[in-house]
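Please look through the structure shown here, following the chain with the sequence beside it. The paragraphs below take up its sheets, its annotated spans, the surroundings of its ligand and a pair of its helices.

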Amino acid sequence: QRKYRADYQPPAYLIDTVDLDFEIRSDRTQVRATYAVRRNPDANDTSQWRLDGRDMQFLSAAIDGRALDTHEYALSDNALVIHNPPEIFTFVVENTIGPEQNLSLEGFYRSGDILCSQCESNGFSRITYFPDRPDVMARYTTRISADAHKFPVLLANGNCVDSGTLDNGRHYAVFEDPFAKPCYLFAMVVGDLGMIRDSYTTASGRKVDLRLYTEHGNEDQCHHAMASLKQAMAWDEDTYGLEYDLDSYVTVAVGSFNMGAMENKGLNVFNTACIFARADTATDSDFALVRDVVAHEYFHNYTGNRVTCRDWFQLSLKEGLTVYREHQFAIDQGSPGVTRIRQVRTMREIQFPEDGGPRAHPVRPESYVEMNNFYTITVYEKGGEVIRMIAQMAGRDAFIIAVRHYLDKHDGQAVTIEDFVVAMEESTGLDLAQFRHWYAQAGTPRVRVATDFEDGRLQLTLSQHTPATPDQNDKPLFDIPVEIALFDAEGAPVREAEVLRLNSAEQSWTFDGFDAEPTVSALRGFTAPVRLEYEQSDEALARLMAHDSDPVCRWDAAQALYLKTLVADVSARREGNAPVAAPELLFEAIETLLDNPPADRELLAEMLTLPSEAMLGEQFDAVDIFAIDAARRELKEAIATRFAKRFQALADTHAASSAYIFDVAEAGRRRVFAVALDYLATIEAPGLAARAAAVYDGADNMTDRMAALDALRDLNAPERQRVLDDFAQTWADYPLVMDKWLRLQATTRRDDSVERVRELLADARFDFTNPNRIRALLGGFVRGNRVGFHRADGAGYALIADEILRLDSLNPQLAAALAGMLTNWARHVPAQADGMRAALARIAEAELSDNTREIVAAGLEQSN
Ligand code: ARG
Ligand code: ZN
């Protein structure tokens with residue numbers, strides 16, 4: 001059933017302390033929970049006390065030591081309701097759970113030989129009966145006992161205050177967490193684990209014991225994560241003055257995890273994909289991912305844990321703010337320009353489509369059926385962009401002071417996004433009345449730019465319009481910061497960057513004193529999550545591409561230039577006209593770029609990369625996958641043919657010459673090398689296959705090795721199969737590396753790729769119970785092989801529908817995520833839209849989890 005933000009009621013009873021006792025046995029785990037409970041003075045109705053609980057066996061409940069009679073409570077599939085509880089009491093509840101049988105990866109479950117927990121958002125109610133809502137905060141003590149041989153390591157949040165051995169080869173440990181927390185931050189892990197250890201001394205001298213656990217044999221893949229954690233701890237001290245607040249920080253990496261990681265207080269649990277990184281097993285992007293996710297979870301210790309959410313509609317309170325902090329951290333560690341470009345690309349390629357589709361929702365949603373469906377790119381990334389706009393308006397220093405004010409004011413509380421915005425206003429003096437629409441309204445605003453030049457004076461007019469989204473027809477006017485700068489014909493700046501605030505339907509600004517019409521660089525750094533509509537001439541774009549001092553706009557000018565050709569070509573193909581070739585000016589612009597490349601190699605690589613199919617699809621109301629694919633391939637071939645010699649030279653000058661290290665300069669070099677190789681592969685340049693195979697054989701790192709494999713992927717050369725087989729053999733014992741092997745094949749262009757994916761689904765190296773395997777094979781296929789997925793006979797849709805139906809009863813969270821990939825059907829041309837819709841309709845006929853049903857229903861509700 002659907003929950004509404006407007007229906008919030010304070011909890012009827014508050015809990016001061018929670019005492020948990022877990023007796024882990026091979027068949028069941030026994031749970032005994034003791035709560036110190038008192039009536040909430042702010043509650044409206046205290047005649048009943050509801051504790052959530054699912055998928056467990058209830059044994060008994062007692063108040064102040066007296067077992068309850070059956071008429072004193074009501075037990076259902078998802079709750080235990082106590083009638084007329086006293087004002088203050090001690091509550092004890094006993095139940096059992098079966099982690100070994102729990103395949104949902106929520107609550108307490110098994111990953112390999114490890115038992116671990118995942119509670120956010122509502123997994124704690126799969127562990128014991130408890131009001132499973134973030135505004136009930138308590139101090140926790142956790143006792144765990146288990147077989148000492150099978151589970152030598154026992155972990156829970158907080159400090160270990162007691163441990164020892166028991167009869168029958170068992171042992172126990174007791175943990176105390178001094179900070180009150182909501183139950184979604186509870187965590188426990190038991191297993192036979194390897195560990196690496198380090199320490200960090202905070203600015204005020206607290207020595208923090210840092211431990212990172214994983215299954216034995218993987219320790220040497222964990223050092224980058226440990227180094228990243230220390231970087232993040234130092235960064236939060238240097239930037240925000242925030243120091244870690246416990247004596248130990250423990251991280252556990254597990255192989256079966258539904259998302260990236262979880263910020264449980266003092267005991268983070270991570271997907272191994274966000275921890276493991278060793279030069280020979282992980283690419284530069286993996287290294288960056290690990291660094292950023294480790295930092296993200298660490299930053300949650302303040303923005304999320306010390307100050308948490310009142311209810312789940314407020315999720316972006318902690319996620320948007322933490323994503324923003326993570327983004328700033330990433331910018332400080334890597335290439336600032338390209339790091340920002342990647343953030344912009346995520347918004348445009350993934351968030352904009354969500355915001356323009358059937359699942360569009362505000363950063364602060366109004367209602368949901370299944371909360372797990374709302375851990376979205378909108379709540380996270382758009383939420384982060386909204387914070388970025390506030391920071392930009394306030395100025396960096398004032399923003400940091402305001403965040404400190406927010407954290408001090410609400411320390412230890414569960415609060416709302418409104419509380420955050422008020423704290424921002426109090427501290428910065430900003431008036432955010434109109435700005436609040438960013439939290440309440442879904443949809444991507446469109447900002448149109450128009451210019452008029454006369455008598456040395458430039459008039460710049462910005463106007464805004466936001467299309468309707470499901471349930472929200474009339475859109476208010478947004479408060480939109482748009483940074484601009486002006487350049488002359490030689491590309492020299494003639495007007496410093498400045499931020500214009502567009503807060504009405506249309507506004508104009510005039511700039512005086514020019515000899516000739518200046519070129520406008522707009523939305524510099526992507527100052528607002530909007531779609532810019534600005535028809536700039538090829539000449540102006542080429543100028544910005546060569547000279548703009550803002551890397552985002554410089555890259556964007558190149559993208560716009562590519563897009564112009566691609567869009568014209570796709571449209572021509574759609575209408576049955578002759579393909580449109582690229583204008584000479586485009587090649588000249590590329591030549592200028594190659595002659596005067598930016599110092600940042602990664603920026604060069606990004607500027608040489610054509611807009612993705614997703615980005616291209618965004619330019620059309622009706623997406624034609626095949627026309628897009630053809631246009632993009634032909635432009636790539638044309639560029640590769642024209643510049644074959646230059647790409648050869650780039651590959652030569654950017655080939656590895658020293659041992660792998662992960663830093664900006666070297667990662668940039670490897671990126672350029674990969675891009676050059678990719679262009680050469682497009683035209684099957686002579687000797688390319690042999691060269692790629694030699695790179696594969698000789699590389700000391702996975703980044704170069706993957707560049708070689710990517711170049712070989714679509715070739716018919718004998719080298720291809722040879723390296724793929726070698727890869728599978730070399731990395732057979734490294735599941736995460738084998739994910740790259742699965743993905744590579746799922747994304748290979750071949751007529752029978754659907755059949756190949758079906759074969760791999762049955763391969764022993766695939767595992768249907770592991771989310772990383774599924775994301776690699778099925779996610780890789782849907783997102784990375786559009787031609788295969790949208791194959792005209794509908795076999796791709798049928799494949800995904802079959803797998804969603806098979807997965808839904810095991811892992812509804814992941815099944816729902818896969819189903820989300822079919823919901824944008826209305827954006828496709830009829831042939832594809834009908835097939836996608838039919839697949840959704842077939843899924844809808846089955847008995848589904850709440851998760852998948854909510855997604856499928858939203859997908860089917862729209863009309864063409
Ligand atoms: N809080 C975690 C993070 O962003 C993610 C939890 C996702 N939970 C979920 N049920 N999808 O770091
Ligand atoms: Zn987070």
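Strand 19 and strand 20 (residues 248–254) run parallel to each other and are joined by five bridges, where strands are DSSP runs of E of at least two residues, helices are runs of H or I of at least four residues, and both are numbered from the N terminus. Two strands are said to pair if DSSP finds at least two bridges between them. This is a predicted model, in which local features need pLDDT of at least 70 and side-chain atom pairs count only at pLDDT 80 or more, while totals for chains, interfaces and linings use all residues. Residues are numbered from 1 along each chain as its sequence is written, and chains are lettered from A and ligands numbered from 1 in the order in which they are written.

Strands 18 and 19 form a hairpin with five residues between them, and in its turn G205 has a positive phi of about 95 degrees. These strands are part of an open, five-stranded sheet with mixed pairing, whose order is 18-19-20-22-21. Strand 18 and strand 21 are its edges, each pairing on one side only.

Which residues lie around ligand 1? They are E120, S121, M259, A261, M262, E263, H296, E297, E319, N372 and Y375, a residue being counted as near if its C-beta atom, placed from the backbone, lies within 6 Å of the molecule. The shell comprises four nonpolar, three polar and four charged residues; here Ala, Val, Leu, Ile, Met, Phe, Trp, Tyr, Cys and Pro count as nonpolar, Asp, Glu, Lys and Arg as charged, and the others, Gly among them, as polar. E120 and S121 are joined by a cis peptide bond with an omega of about -5 degrees, and S121 is located in the loop between strand 11 (114–118) and strand 12 (137–147).

Another open sheet has four strands in the order 30-27-26-32, again with mixed pairing. Its edge strands, strand 30 (506–511) and strand 32 (531–533), each pair on one side only. Strand 27 (residues 457–465) is antiparallel to strand 30, with six bridges between them, and L458 stands opposite F511 of strand 30.

The last stop is a helix pair. Helix 15 (residues 644–653) packs against helix 16 (residues 664–682) at an angle of about 145 degrees, with 8 Å between the axes; axes are lines fitted to C-alpha atoms, for helices over the stretch in contact, and angles run from 0 to 180 degrees between N-to-C directions. The contact involves F647, Q648, L650 and A651 of helix 15 and V672, F673, A676, L677, Y679 and L680 of helix 16, with residues in contact if their C-beta atoms, placed from the backbone, lie within 7 Å. By class, this contact has nine nonpolar residues, one polar and no charged.

Note on methods
Two residues are in contact if their C-beta atoms, placed from the backbone, lie within 7 Å.
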